[in-house]
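Let's walk through this model together, one chain at a time, and then look at where the chains touch.

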Amino acid sequence: MSKSIVSMTVNGRTVSAEAESRTLLIHYLRENLNLTGPHIGCETSHCGACTVDIDGKSAKSCTIFAVQAEGAQVLTIEGMAGADGKLHALQEAFRETHGLQCGFCTPGMIVRAHRLLLENPNPSEAEIRMGISGNLCRCTGYQNIVKAIQYAAAKINGVEVKEAAE
Amino acid sequence: MIPGVFDYHRPASLSDAIGLLSRLDSDARVIAGGHSLIPMMKLRLASPSHLVDLAAIAELKGARVEAGEVVIGAMVTQHEAIGSELLAAHAPILRETAAVISDPQVRYMGTIGGNVANGDPGNDMPAVMMALGASYVLRGQGGERRVAARDYYQGAYTTAALPGEILTAIRFPAPPAGHGYAYEKLKRKVGDYATAAAAAILTVSGGRIATCSIGLTNVAETALFADAAARAVVGGALDKASLARASAAAEAIADPAADGRGSAEYRKKMAGVMTARALSRAFARATA
């Protein structure tokens, strides 16, 4: 077995843990670091539930070895809220616009949407739909997820946000 | 879905990577974005004893124009290709093609070099590189050589690259300003491989097609250079008759397997339909 100490920065914190070369990043995050926000959905690079941000890229952590992320800056859903517990605009938006039902896809959706809005702060509806096309949701039909991302974009851009539908 | 055991290497230079490959077991593999190789390792269809990661090698990154030739480093990702103004200015077909490869997360990781190197007939860039007349730069212990994209693919996952060689860059003559281009991909959903796809590059002079080249994706064991389909439209304007000739020529060389995307007959037919659509759109762009 080729084990080594793998170190990276996750949600602003420097972390180190022993891992085999073949350990996938999703397993490193969930089992070594106990960060169970990123989910294992399909484990075949399709569903996007395991999406995290690595050095400014949205990536499926089931399709990356932890050793490949050595030295990287990683962001998971656990790193989205402020230190004071204040929800990120996207988290608030998903709550306010009912952007989730079972919630399984939500951590990946939010982390992906975060990168999308950093790259394109004013996406059109079509751009949002293409932007989240690597994340599957089997509950919502995506409609309220799109609304949530629009809500968050408006909030981040300082536009007054309408109260969510009752 | 746990891959087999392997040793991981992340060399900082190309010469280190080539040195490693020559010293390690013959089943050592290079890994670029890993989005073809890691899924295969998880399925144990691939069990390399060593992985040589190209991610830290600066000389494999970036794209540039050198004496009229576009040079793309093997580690340029699909996401970077979409965002590259240089590539959009010189070979906009690359942006159009990269945008229909898989999904955003995969495009952040997946590289152009990996897409052309591994010989998967479902990959989209090989047909485009055939249409562009690209060459692949291969470097190994014995030095560097170039292989034309049109000669590189020998069968599914079988290529002209020798053991120990690394595909370091892709080079092609920049198509002339005002050229027409299109990549037409029929797929069932985001993330799917093509049912059939066609890449067309052409130039128009005085209303007639002066030059044309066509590549086909996922309708045979390898990407196909559809020479006869291109010749069928050169010399005239694009009309119903020449489009029909080009479609028929594309169908004639397509030899797809039946799969979840459709029967062999259907996919063969779609090779012709995608060819006609790509030619029509490329022609419209060149004459706009």
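Which domains does the domain assignment give for chain B? Chain B is assigned domain 1 (7-53), domain 2 (58-173) and domain 3 (180-287), with bounds that come from an automatic or database domain assignment. Before going on, a word on conventions: residues are numbered from 1 along each chain as its sequence is written, while chains are lettered from A and ligands numbered from 1 in the order in which they are written. This is a predicted model, in which local features need pLDDT of at least 70 and side-chain atom pairs count only at pLDDT 80 or more, whereas totals for chains, interfaces and linings use all residues.

Let's stay with chain B. Its secondary structure comes to twelve helices and 14 strands; helices (H or I, at least four residues) and strands (E, at least two) are DSSP runs, numbered from the N terminus. The radius of gyration of chain B is 19 Å, close to the 19 Å that the globule rule gives for 288 residues, so chain B is as compact as a globular protein of that length. Here the radius is taken over C-alpha atoms, and the rule is 2.2 Å times the number of residues to the power 0.38. Along its principal axes, the C-alpha trace of chain B spans about 55 × 45 × 35 Å.

Now look between two of these domains. The C-alpha centres of domain 1 and domain 2 of chain B lie 18 Å apart. Twelve residues of domain 1 of chain B are in contact with 20 residues of domain 2 of chain B, where contact means that the C-beta atoms, placed from the backbone, lie within 7 Å. On the domain 1 side, helix H1 (residues 14-23) of chain B gives the most, with five residues.

Chain A has its own pair: domain 1 (3-79) and domain 2 (89-156). Their centres, taken over C-alpha atoms, are separated by 21 Å. Here 16 residues of domain 1 of chain A are in contact with twelve residues of domain 2 of chain A. Strand S3 (residues 51-54) of chain A gives the most to that side of domain 1, with three residues.

Finally, turn to where the chains meet. The contact takes 22 residues from chain A and 22 residues from chain B. On the chain A side, strand S4 (residues 57-60) gives the most, with four residues.

Key:
Contact = placed C-beta atoms within 7 Å.
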